[in-house]
Amino acid sequence: SEAGSLAMVVLDHETIRSMVPGRFFRDHKGPINSLDFHPTDDVMVTVGDDDTIQMYRTSSGELVKTLYSKKYGCSCVTFTHASQAVLYASKVKQPSKDPKKDHALRYHSLYNNEYIRYFMGHTAQVVNVSMDAVTDEFLTASADGTVRLWDLRTPACNGVIRCATTPCVASDLQGLIFAAATDDGELKLYDARKYGQGPFIDFQVGSVDPGTGKRPRVTCAKFSPDGEGLLCVAGGTMYIIDAFKGDELMRINVGAETGGMGQGKDAAGATGNNLEACWTPDNKCLLSGGADSRVHVWSAVNGSKVATWGSRHAGIPSSVRWAPGMMLAASACTEGGCALWIPKAGGGQ
């Protein structure tokens, strides 16, 4: 696409180093637990532990509307293919006697503020939602030890993958395959259209901890935009895996570089949110938050630090996302602040 080729040309290291907050929002009254950009429209959505959903127009940096999910809370927000509809998980503060209702997913029209559909099946907190890039299918991962497959058009679950730990899922942007982290340090790749046949490859992530005898649990997985690489965050380290062969290409110890990251209050505030990392649209860089309250950019080619963006969040930037095909990134933190980053006028520093 034209936007994609523009990003390929413009995203040099000098431009990335020049990024500054063009807008800073403080519309949440508590930690922001997730955010998403629509793949093609200029809208962004954030959801927080204050049970609010905030929708922004990214071209103007304006708050468009505030919606609420007071009874069941909201987390793991993702746009569907429509720019006025999102999917998100519950985040209940007071559990009821019906865990499936407590942990249902909600398909919410932002246009008329109505629920289109509920998806019930998980019995514990959903930690990860991944929308198929092409179809209406989506994946969810939950602390109940399952990955579930769904379709927006029907409330019934299409399939279940049982896991040995709290899993993590990711779909590629081509709609061909998905990854599921099903056990500590274990990742399996499935054909999105033939997942019933089981994984076509599985591989290990990270090194065995001498103390526990286990590999680290993958808490965030993202395919590169070109589908060739798979970014995994596990225990304070980012791993880049060859998405075809399963070989580890690189590891970047974000925790050591930024003063801690991963499971625990040192990295993600009192909420213990696991930090997220993401790719830039040209497949060449990775963004992550750090325990130093800053956003860091790393080279996905050689693992070197490209930039540490200057402005500091009040909390830990536990959600980071680059807008598809745009010179725009967002970071949201455990204190409720959200920054939209743009290149400084005139380019580099």
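On a 1 Å grid over the protein atoms alone, a cavity is a set of points where a 1.4 Å probe fits but cannot get out, and a pocket is an open set with protein on both sides within 12 Å along at least five of seven lines; a lining residue has an atom within 4 Å of a point. Grid points are joined across faces, edges and corners, and a volume is the space filled by probe spheres set on those points.

Before I use those terms, the ground rules. This is a predicted model, in which local features need pLDDT of at least 70 and side-chain atom pairs count only at pLDDT 80 or more, while totals for chains, interfaces and linings use all residues. Residues are numbered from 1 along each chain as its sequence is written, and side-chain values use heavy atoms, with hydrogens and water left out.

The cavity comes first. The structure has one cavity of 30 Å³ or more, and the space in that largest cavity is about 120 Å³. Its lining consists of 13 residues, and those nearest the centre are Asp132, Glu137, Leu139, Leu149 and Ala192. Helices (H or I, at least four residues) and strands (E, at least two) are DSSP runs, numbered from the N terminus. At least two lining residues come from each of strand S11 (137-142), S12 and strand S15 (177-183). The most come from S11, which gives three residues. For classes, Ala, Val, Leu, Ile, Met, Phe, Trp, Tyr, Cys and Pro count as nonpolar, Asp, Glu, Lys and Arg as charged, and the others, Gly among them, as polar. On that count the cavity lining has eight nonpolar, two polar and three charged residues.

Next, the aromatic rings. Rings of Phe, Tyr and Trp (its six-membered ring) pair if their centres lie within 6.5 Å; planes under 30 degrees apart are stacked, over 60 edge-to-face, and the rest tilted. There are nine such pairs in the structure. One of them is Tyr115 with Tyr118, a tilted pair at 5.4 Å centre to centre and 45° between the planes. Another is Phe119 with Trp150, which is edge-to-face, with 5.7 Å between centres and 70° between planes. Phe119 is in strand S9 (residues 114-119) and Trp150 in strand S12 (residues 146-151), so this pair ties together parts 31 residues apart in sequence. Ring pairs also bring in Phe138, making a cluster of Phe119, Phe138 and Trp150.

Phe119 is buried at 0%, and Trp150 is buried at 1%. Tyr115, at 33%, is partly exposed, and Tyr118 is partly exposed at 38%.

Two rings carry a charge, meaning that NZ of Lys or CZ of Arg is within 6 Å of the ring centre and within 35 degrees of the ring normal. The charged end of Arg106 is over the ring of Tyr115, 5.8 Å from its centre. Lys305 is over the face of Trp298, 4.7 Å from the ring centre.

Two strands pair if DSSP finds at least two bridges between them. Strand S24 (residues 295-299) and strand S25 (residues 305-308) run antiparallel and are joined by three bridges. Trp298 stands opposite Lys305 in S25. Five residues lie between the strands of this hairpin, and Gly303 has a positive phi near 85°.

On backbone angles, most residues other than glycine have a negative phi. Asn283 is in the loop between strand S22 (277-279) and strand S23 (285-289), and is buried at 17% relative accessibility. Ser293 is in the loop between S23 and S24, and is buried at 10%.

Of its 14 lining residues, Ile240, Leu249, Trp279, Asn283 and Ala300 lie nearest the centre. Strand S20 (237-242) and strand S21 (248-252) are the elements that give two or more residues to this lining. By class, the pocket lining has six nonpolar, three polar and five charged residues.

Met238 and Gln125 are 113 residues apart in sequence, with 24 Å between their C-alpha atoms.

Technical notes
Buried < 20%, exposed > 50% of the residue type's maximum accessible area, 1.4 Å probe, protein only.
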